[in-house]
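Here's a quick briefing to read alongside the coordinates.

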Amino acid sequence: MSLWLDGERRAYPPLDADVTADVAIVGGGIAGIATAYFLARAGARAVVLEARGVAEAASGRNAGFLLAGVAENFVAASRRYGAERAMRVWRLTRRSQTLVRSLVAEHGIACDLRWNGSDQIAGDDEEWREVSESARLLAARGAAVALDAGRRAATYADDGELHPVRWVRGLARAAVAAGARVHEGTAVTSLERDGLATERGRVRSGAVVLCTNAYTARLAATRVRAVRGQVLATAPTGPVFARPAYARRGYEYWRQTVDGRVVVGGWRDTAADEEVGEDERTTDRIQSRLDAFLGVHGIDAPVTHRWAGIMGFSHDALPYVGQTDERRFVCCGFTGHGMALGPASAELAAALVRGAAHDDADLFDPARA
Ligand SMILES: Cc1cc2nc3c(=O)[nH]c(=O)nc-3n(C[C@H](O)[C@H](O)[C@H](O)COP(=O)(O)OP(=O)(O)OC[C@H]3O[C@@H](n4cnc5c(N)ncnc54)[C@H](O)[C@@H]3O)c2cc1C
């Protein structure tokens, strides 16, 4: 079981009648809950339908890193998207960090939020050239970053970490306080012309937003693919790591929680053929790699939690946020970085649903090549 879901409880009843709303949101992860929050704050009647519980899928099974940028370092992202677009994406993730900081403070969300920065650690010489060049380019644009050639690491001072379930559930409470409705245990079975259907009730709405990430293909045509990630957590132990680390192009990551647990995940690339699909199963193949990491670092605290979560990968590693049909929108495809990309993407989705102007309206166009 995920460390973050251990001991946490659901709070909202299933939908059991037909209802009307301005906007129906499918999915109660960070994307759906944040979209509902921003819509409710703007005065829209928003209802969230979540098949399981809030943050029980990827949003409750991740590592809780709030990193600026995307999966790739900034040089690699610039090569792929062009320097200007990569910079806009980087700024949007910084916007997400600002949103987390202000929303946690405004709503008093107890989620162990800390801003200790993060280490980006290169796995080989080529990656180190990119990591150090990325740091120089971003420093010139205002990022607080320091290089350590000995460790082949760049330390970004402004990155954060948190308890993802307490964060998303705290934001759900804020969304409900602002007027949104949330229904857990409510699977959407089909989309309809004027809303959607669930097992026990229909929602008639002016718009539907799919915040279903890895599971989007169940309801609509999509390019999102389901990819599995695995993690373990130890019992509390003495201080080992000062801040979250993101290493070897993000295929390895680790941090230590406020109460001293070591959380380590990744190594998906060592079994790329197996780590796909919707099965939230851990495997010996990956978990033995995570155990080996503990051994290398001399961490002998017992492992208390092992879990898997399913990520939604897009075709180009950027999310899809925008309108796909007359009344239909998507906010999904976060490619393993939705805790960082989610809040600002949801803010964008909420603006697009309301027909409001937004500087990044074109950034994550779902129909892009
Ligand atoms: C192991 C792992 C580690 C990660 N680490 C990080 C990290 O450190 N930092 C970071 O930024 N990101 C990380 N991520 C990625 C991050 O967790 C995701 O990108 C993010 O949680 C996606 O949020 P979401 O709301 O789009 O999707 P989800 O949290 O998956 O939510 C989608 C929801 O939709 C619901 N749903 C689907 N279909 C239906 C339906 N038909 N009816 C009703 N409900 C439905 C699901 O039940 C689910 O709750 C990690 C992911 C994993 C798996």
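Which residue in strand 15 does Arg-255 stand opposite? That would be Val-263. Keep in mind that this is a predicted model, where local features need pLDDT of at least 70, side-chain atom pairs count only at pLDDT 80 or more, and totals for chains, interfaces and linings use all residues. Residues are numbered from 1 along each chain as its sequence is written.

**The sheet**

- Strand 14 (residues 252-256) and strand 15 (residues 262-266) run antiparallel and are joined by five bridges. Strands here are DSSP E runs of at least two residues, helices are H or I runs of at least four, and both are numbered from the N terminus.
- Eight strands make up an open sheet with mixed pairing, in the order 5-6-4-13-14-15-12-16; two strands count as paired if DSSP finds at least two bridges between them.
- At the edges sit strand 5 (145-148) and strand 16, each pairing on one side only.
- On average, neighbouring strands of this sheet are turned by 20° against each other, direction ignored. Axes are lines fitted to C-alpha atoms (for helices, over the stretch in contact), with angles from 0 to 180 degrees between N-to-C directions.
- Helix 4 (residues 125-140) packs on the sheet and touches strand 4 (118-121), strand 5 and strand 6 (153-156). Its direction makes about 155° with that of strand 5. Contact means C-beta atoms, placed from the backbone, within 7 Å.

**Around the ligand**

- The ligand is surrounded by 42 residues, and the closest are Gly-27, Gly-29, Gly-229, Gly-309 and Gly-338. Near means that a residue's C-beta atom, placed from the backbone, lies within 6 Å.
- Helix 1 (30-41), strand 12 (225-234), strand 16 (303-313) and helix 7 (338-353) each give two or more residues to this shell. Helix 7 has the largest share, with four residues.
- By class, the shell has 21 nonpolar residues (Ala, Val, Leu, Ile, Met, Phe, Trp, Tyr, Cys and Pro), 16 polar (the others, Gly among them) and five charged (Asp, Glu, Lys and Arg).

- Most residues other than glycine have a negative phi.
- Ala-55, in the loop between strand 2 (46-49) and strand 3 (65-66), has a positive phi of about 65°. Ala-55 counts as buried because it has 29 C-beta neighbours inside 10 Å, and the cut-off is 20 or more, with C-beta atoms placed from the backbone.
- Asp-112, in the loop between helix 3 (83-107) and strand 4, also has a positive phi, about 55°. With 14 other C-beta atoms within 10 Å, Asp-112 is partly exposed, a class between buried and exposed (12 or fewer).

Conventions. Contact = placed C-beta atoms within 7 Å.
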